[in-house]
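This report walks through a structure with attention to strand pairing, ligand surroundings and a few backbone details. Please keep the sequence and the coordinates at hand while reading.

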Amino acid sequence: MSNICVIGTGYVGLVTGVCFADLGNQVFCLDINKDRIDKLNQGIMPIYEPGLEEIVERNIKSKRLFFTTDYETALKDAEIAFIAVGTPSGVDGEADLQYVRNAAETIAQVVDHPIIVVNKSTVPVGTGDWVADIISQTRDSKKLDFSVVSNPEFLREGSAIGDFMNPDRVVLGSLEREAAEKVSRLYEPLRAPILITDLRTAEMIKYASNAFLATRISFINEIANICDELGADVREVAKGMGLDKRIGHSFLDAGLGWGGSCFPKDVKALAHMAVLHNSQPQLLQAVMDINRNQRRRVVYRLRKVLGGSLNGKVIGVLGLSFKPNTDDMREAPGTEIIHLLLNEGASVKGYDPQAMENAAKELPKIQLCDDPYQTAEGADALVLATEWNEFKQLDFEKVYKLLRTPVLVDGRNLWDSQYLRGLGFTYFGIGQGN
Ligand code: NAD
Ligand code: UGA
């Protein structure tokens with residue numbers, strides 16, 4: 001059992017903290033957001049993540065998990081402090097490290113015992129060394145016995161607990177092997193392969209992994225667009241490709257492109273790093289361009305099928321979160337399409353099973369609806385942006401009657417095109433050869 005402090009209680013920090021508590025460690029989760037911590041102390045989850053509430057409750061009861069805004073309390077007995085704060089996109093796509101800096105400085109000000117500082121946030125290559133410098137400089141002459149370890153996180157929102165508890169691998173990077181090994185012991189119960197490497201390599205593994213996954217999606221989306229022109233079906237193409245063990249099936253679902261809090265900012269940050277260090281990130285640039293155009297293609301299609309202009313048209317959008325099973329709307333494809341539609345003079349109605357609270361803040365110009373049917377009512381087209389289970393089996397006869405024009409854009413290839421065309425809909429999928 002170790003004493004751990006996790007700084008930042010967002011998707012990553014909260015999941016990391018509660019899972020380590022569940023594995024038997026004593027964990028203090030810390031955040032500067034008082035509202036978030038107050039909620040957590042009342043058992044209210046600040047984010048929607050399946051399975052999170054039960055595991056938080058269980059570990060609060062067994063007195064292994066604590067939430068606080070006070071750095072001194074959280075770090076008092078901590079042997080290991082995880083930094084899991086946000087690293088959003090800053091100027092020119094460069095990762096904004098102000099929250100990491102702040103966390104590192106505060107650790108240096110508060111701690112007076114040996115400690116391992118673990119970077120779990122996704123940070124540019126070289127950040128581990130930078131954090132070490134910040135801690136040393138903040139202490140000045142009063143030396144602190146500390147090590148820095150990079151431990152990038154690979155969980156996905158919507159399946160975060162399962163991903164954390166059953167990782168494909170754990171990556172640890174440090175210049176001090178002993179520190180990395182101590183952190184690796186926290187993960188031993190998970191029985192996953194553990195790769196110990198140097199700091200910079202660990203930091204790069206995270207960016208390279210996200211950029212590669214984003215590349216696969218942009219690749220299949222480009223193939224989808226070619227399929228549309230040539231009358232082939234990208235779903236079958238992906239299946240046929242995926243059966244090759246060297247290729248595999250995952251991350252080959254064509255759609256509206258990748259969104260979320262990480263792929264967009266991480267691909268941008270990696271490209272920025274490359275440019276800064278005299279490399280030309282041509283592939284990354286193409287991966288981003290294809291992703292942007294994937295949203296635009298939907299708007300182009302709608303414009304074309306609705307008579308050449310979207311001005312005055314009403315469009316319903318199903319799914320506002322960036323993927324199913326999360327309320328996270330950061331860089332959600334649906335949101336980007338909505339902004340394009342609004343710019344062209346359309347009115348937009350929207351619905352999401354979990355993201356309505358966030359949508360009220362993020363999309364003040366659209367009409368938020370109670371369900372898919374209200375979203376369809378009086379609309380000139382219905383766009384499926386996120387493939388929530390709830391949207392799989394709609395009563396399409398009802399939808400047909402509710403729509404003003406029976407146009408469906410299935411941005412995630414979720415629906416049965418033959419059945420829907422049979423009902424009289426004008427149906428568009430992605431890369432289905434239409
Ligand atoms: P988030 O925005 O959901 O949460 C960050 C939290 O940190 C916020 O609650 C914020 O109040 C808190 N915070 C900021 N500064 C702080 C400080 N000085 N002290 C204490 N708390 C502070 O972020 P997230 O989605 O959990 O991402 C965190 C990091 O993990 C990012 O670098 C991200 O790229 C990476 N990551 C995210 C995911 C994911 O699925 N979201 C997966 C893997 C890696
Ligand atoms: C992604 C990675 O999968 C995680 O390993 C990583 O830890 C995380 O980013 C991160 O660094 O934050 P996440 O963003 O939660 O996780 O979600 P994904 O399931 O990867 O989906 C990302 C986006 O790609 C979504 O918009 C999704 O709709 C889209 N996607 C995914 C596709 O369009 N097609 C696919 O085949 C797969």
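Which residue is the bridge partner of L408 in strand 14? The partner is Y427, and the sections below place this pair in its sheet.

## Basis of the model

The model is predicted, and local features are given only where pLDDT is at least 70, side-chain atom pairs count only at pLDDT 80 or more, and totals for chains, interfaces and linings use all residues. Residues are numbered from 1 along each chain as its sequence is written, while chains are lettered from A and ligands numbered from 1 in the order in which they are written.

Six strands form an open sheet in the order 11-10-9-12-13-14, with parallel pairing; strands here are DSSP runs of E with at least two residues, helices are runs of H or I with at least four, and both are numbered from the N terminus. Two strands are said to pair if DSSP finds at least two bridges between them. The edges are strand 11 (367-368) and strand 14, each of which pairs on one side only. Strand 9 is joined to strand 10 (residues 347-351) by five bridges in the parallel sense, and L318 stands opposite Y351 in strand 10.

Strand 12 (residues 381-384) runs parallel to strand 13 and is joined to it by three bridges, with L382 opposite L408. The chain passes from strand 12 through helix 16 (residues 396-402) to strand 13 in a right-handed β-α-β crossover, where right-handed means that, with the strands pointing away from the viewer, the path from the first strand over the helix to the second runs clockwise.

Four bridges join strand 4 to strand 1, which runs parallel to it, and F82 is the bridge partner of V6. Strand 4 is likewise joined in parallel to strand 5 (residues 115-119) by four bridges, where the partner of I80 is I116; strand 4, helix 5 and strand 5 make a right-handed β-α-β unit.

Within strand 1 (residues 3-7) lies I4, which is buried because 26 other C-beta atoms lie within 10 Å. I4 and H113 are 109 residues apart in sequence and 13 Å apart in space, C-alpha to C-alpha.

## Surroundings of the ligands

Ligand 1 is surrounded by 26 residues, of which the closest are G8, G10, Y99, S121 and T122; a residue is near a molecule if its C-beta atom, placed from the backbone, lies within 6 Å of it. Helix 1 (11-22) and helix 5 (98-110) are the elements that give two or more residues to this shell. The shell divides into 11 nonpolar, 11 polar and four charged residues, with Ala, Val, Leu, Ile, Met, Phe, Trp, Tyr, Cys and Pro counted as nonpolar, Asp, Glu, Lys and Arg as charged, and the others, Gly among them, as polar.

Ligand 2 has 20 residues around it, and E157, D253, W258, G260 and C262 come nearest; the shell holds 10 nonpolar, five polar and five charged residues. Ligand 2 lies between domain 1 (3-197) and domain 2 (213-428), because both give residues to its shell, the domain bounds coming from an automatic or database domain assignment. Helix 9 (residues 199-230) gives the most to this shell, with three residues.

## Backbone details

Helix 9 has 32 residues and reaches 47 Å from its first C-alpha to its last, close to the expected 46 Å, a span taken as 1.5 Å times one less than the number of residues. G231 follows helix 9 and has a positive phi, near 75°.

N278, in the loop between helix 11 (263-276) and helix 12 (282-305), has a positive phi near 70° although it is a residue other than glycine. N278 counts as exposed because it has 6 C-beta neighbours inside 10 Å. N325, in the loop between strand 9 (314-318) and helix 13 (333-343), is not a glycine either and has a positive phi of about 65°; with 19 C-beta neighbours inside 10 Å, N325 counts as partly exposed.

Definitions and conventions: Buried ≥ 20, exposed ≤ 12 C-beta atoms within 10 Å, placed from the backbone.
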